[in-house]
Amino acid sequence: AAVMGGNVLTSQRIVDVIFKAFETCAASQGCMNNTTFGDESFGYYETVAGGAGAGPCWPGRSGVHTHMTNTRITDPEILERRYPVVLKRFELRTGSGGGGKYRGGDGVVREIFFRKAQTLCILSERRGDY
């Protein structure tokens, strides 16, 4: 079977393993968090930021793309103008980075309202209850 999205999980995991082996910092969100939606007339793809792991003497960053991804998320105004969606919420998920002396970075909440029927797919990992 064909592999889809394998690099977005594998590359992030390799970096997390290297950081753990060298005891440099905690793991990140573990995936590039791919979100796609669309129908037969259009398609949209984005990677959603998360939290970066803390180090031995620093806190992790919140709401960032980490390690292998260098993408920039689409501005809300552009997203809503080009696609039949409304971005209802886009904010840091306060407290999701965990505890400790140096906390990991917080992830994000991205709530999208679809103004017409379409298919949504998410390739993600390390998601807690929300």
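**View 1. H65 in its loop, a partly exposed histidine.** With a relative accessible area of 23%, H65 counts as partly exposed, because that class lies between buried (under 20% relative accessible area) and exposed (over 50%), using a 1.4 Å probe and protein chains only. H65 sits in the loop between β2 and α2 (76–82); helices (H or I, at least four residues) and strands (E, at least two) are DSSP runs numbered from the N terminus. G51 is 14 residues from H65 in sequence, and their C-alpha atoms are 7.8 Å apart in space. Keep in mind that this is a predicted model, in which local features need pLDDT of at least 70, side-chain atom pairs count only at pLDDT 80 or more, and totals for chains, interfaces and linings use all residues. Residues are numbered from 1 along each chain as its sequence is written, and side-chain values use heavy atoms, with hydrogens and water left out.

**View 2. The open sheet of three strands.** Here the strand order is β2-β1-β5, with antiparallel pairing; two strands pair if DSSP finds at least two bridges between them. The edge strands, β2 (42–47) and β5 (119–123), each pair on one side only. From one strand to the next, the twist averages 10°, where axes are lines fitted to C-alpha atoms and angles run from 0 to 180 degrees between N-to-C directions.

**View 3. The hairpin of β1 and β2.** Two residues lie between these strands in the hairpin, and their antiparallel pairing runs over six bridges. Then look for D39, which stands opposite F42 in β2.

**View 4. β1 beside β5.** Strand β1 (residues 34–39) pairs with β5 in the antiparallel sense, over five bridges. G38 has T119 as its bridge partner in β5. How much of β1 is buried? Five of its six residues are, so the strand is mostly covered, given the cut-off of under 20% relative accessible area.

**View 5. Stepping back to the protein chain.** Two helices and five strands make up the secondary structure, and along the sequence they follow the pattern α-β-β-α-β-β-β. The C-alpha atoms fill a box of roughly 50 × 35 × 25 Å, taken along the principal axes. Of the 130 residues, 37% count as buried. The accessible surface, from the Shrake-Rupley method with a 1.4 Å probe, comes to about 8,200 Å², and 56% of this belongs to carbon and sulfur atoms. Among contacts (heavy atoms within 4.5 Å) between residues at least 6 apart in sequence, 62% join residues at least 24 apart.
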